[in-house]
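Here is a short briefing for a reader who is new to this structure. Please keep the model in view while going through the points.

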Amino acid sequence: MINLMNQYNNYVISTAILYVVPTPIGNYGDITQRALDTLKTVHLIASEDTRRTGILLKHFAIEASLFSLHDHNEKQKIDQLIKKLQHGHSIALVSDAGTPLINDPGYNLVRRCCVLGIRVIPLPGACAAITALSASGIASDRFCYEGFLPSKTKSRKNKLLSLLEESRTIIFYESTHRLIDSLRDIVEVMGYERYVVLAREMTKIWENIHGAPVGVLLDWVLEDHMRCRGEIVLIIEGHKTTNSTILVEAFRTFTLLKKELPVSKAVVLASKISGVQKNIIYKHALKNIGDK
Ligand code: SAM
């Protein structure tokens with residue numbers, strides 16, 4: 001195997017390797033030195049859109065062979081790329097913007113490489129979801145990334161419903177023309193008060209990050225149609241378990257247990273399961289028994 005050393009001691013561009021190379025999400029200044037070195041050195045760049053990648057490469061005066069790999073031809077083209085890797089070629093995988101595979105093509109290629117034991121080296125770099133999250137002011141210790149919300153209202157509402165009690169921060173990508181419908185559905189399914197951040201045009205001239213309870217955010221967007229414009233990340237604060245929710249759960253558990261057990265035992269068990277004090281559940285039990 002030939003190793004092409006570059007200026008970094010700990011960084012060697014090797015052959016027979018697939019490099020996953022993030023590209024900027026708007027600001028060319030965000031490309032990393034390592035990404036540039038990799039793009040310059042590999043035998044081939046597999047790209048989602050060779051025209052767009054061509055513009056990026058031209059900007060950085062990089063001459064490279066491009067190979068088209070997008071959603072519609074990915075499966076067929078993978079065999080060709082795998083053969084090249086097995087013959088010792090180094091390949092960089094790039095998408096239109098940001099990190100390949102994150103709502104962009106590349107998964108099937110990476111998967112095949114992993115299965116066949118071909119080394120895959122990921123480069124860190126731009127990703128709209130992470131960039132937006134880092135400035136959202138919403139909890140970033142636990143989050144889930146959900147890609148784009150479905151385009152049809154019914155599926156979108158079902159998706160939101162399935163995430164109603166998700167306690168982690170939820171990240172969606174969204175498009176300009178669906179933003180208002182999606183915000184309306186979030187209001188309807190998750191309630192007016194759920195806190196949401198709208199992050200638009202990250203890293204670009206018109207970058208804007210605005211957070212508010214989703215009902216207020218919807219009104220703010222409706223006030224000025226420019227606020228729908230551009231590329232969008234939506235970040236939804238996770239569901240907060242309120243005391244009342246915990247109590248409702250505890251009483252529900254007690255009611256179920258009471259059908260099979262004496263009241264005192266049902267109270268003890270419901271308390272252990274829910275963490276709610278025994279006397280609170282007991283008071284509820286007495287009230288309910290009294291009500292009947
Ligand atoms: N692979 C990309 C990444 O790592 O973020 C995502 C590709 S996905 C096809 C494109 C979507 O990402 C856009 O429709 C938008 O929702 C989001 N996006 C990309 N660039 C963005 C930016 N500069 N600001 C806000 N959202 C962006």
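Glu-201 counts as buried, because its relative accessibility is 14% and the cut-off for buried is under 20%. Glu-201 sits in the loop between strand 10 (195–200) and strand 11 (208–213). Its phi is near 50°, a positive value in a residue other than glycine. The model is predicted.

**Backbone and loops**

- Leu-101 also has a positive phi, near 80°, and is a residue other than glycine.
- Leu-101 belongs to the loop between strand 6 and helix 4.
- Leu-101 is partly exposed, with a relative accessible area of 29%.
- Gly-106 lies in the loop between strand 6 (91–94) and helix 4 (107–116).
- Gly-106 counts as buried, at 0% relative accessibility.
- Which residues does Gly-106 contact, leaving aside its neighbours within four places in sequence? They are Glu-74, Leu-93 and Leu-101.
- Gly-106 and Arg-229 are 123 residues apart along the chain, and 28 Å separates their C-alpha atoms.

**The chain as a whole**

- The protein chain has eleven helices and twelve strands.
- Its radius of gyration is 26 Å, while the globule rule gives 19 Å for 292 residues. The value is well over the rule, so the chain is more spread out than a compact globule.
- The C-alpha trace spans about 80 × 50 × 35 Å along its principal axes.
- Of the 292 residues in the protein chain, 42% are buried.
- Take the contacts between residues at least 6 apart in sequence: 67% of them join residues at least 24 apart.

**Surface and charge**

- The accessible surface of the protein chain is about 16,000 Å². Carbon and sulfur atoms account for 53% of that surface.
- The protein chain carries 36 positive and 29 negative charges. The mean positions of the two sets are 7 Å apart.

**Aromatic pairs**

- How many aromatic pairs does a search of the whole structure find? The search finds three.
- Tyr-28 and Phe-60 form a tilted pair, 5.8 Å centre to centre, with 35° between the planes.
- Tyr-28 lies in the loop between strand 3 (17–20) and helix 1 (33–41). Phe-60 lies in the loop between helix 2 (50–59) and strand 5 (66–68). The pair therefore ties together parts that are 32 residues apart in sequence.
- Tyr-28 counts as partly exposed, at 28% relative accessibility.
- Phe-60 counts as partly exposed, at 22% relative accessibility.
- Phe-148 and Tyr-173 form an edge-to-face pair, 5.9 Å centre to centre, with 70° between the planes.
- That pair links distant parts of the chain, 25 residues apart. Phe-148 is in strand 8 (residues 143–148), and Tyr-173 is in strand 9 (residues 169–174).
- Is Tyr-173 buried or exposed? Tyr-173 counts as buried, at 10% relative accessibility.
- Phe-148 counts as partly exposed, at 42% relative accessibility.
- Tyr-145, Phe-148 and Tyr-173 form one aromatic cluster.

- Ser-182 is in helix 7 (residues 179–190).
- Ser-182 is buried, with a relative accessible area of 0%.
- Not counting residues up to four places away in sequence, Ser-182 touches Leu-149, Arg-156 and Glu-174.
- Where is Ser-136 found? Ser-136 is in helix 5 (residues 128–136).
- Ser-136 counts as buried, at 8% relative accessibility.
- Ser-136 is in contact with Val-197 and Ile-235, leaving aside its neighbours within four places in sequence.
- Ser-136 and Ala-199 are 63 residues apart along the chain, and their C-alpha atoms are separated by 7.7 Å.

Definitions and conventions
Residues numbered from 1 in each chain as written. Predicted model: local features only at pLDDT ≥ 70, side-chain atom pairs only at ≥ 80, totals over all residues. Heavy atoms only, no water. Helix = DSSP H or I, 4+ residues; strand = E, 2+ residues; numbered from the N terminus. Rg over C-alpha atoms; globule rule 2.2 N^0.38 Å. Buried < 20%, exposed > 50% of the residue type's maximum accessible area, 1.4 Å probe, protein only. Contact = heavy atoms within 4.5 Å. Areas by Shrake-Rupley, 256 points an atom, 1.4 Å probe, with all protein chains shown as cover. Lys, Arg positive; Asp, Glu negative; His and termini not counted. Charge placed at Lys NZ, Arg CZ, Asp CG, Glu CD. Phe/Tyr/Trp six-rings, centres within 6.5 Å; stacked < 30°, edge-to-face > 60°.
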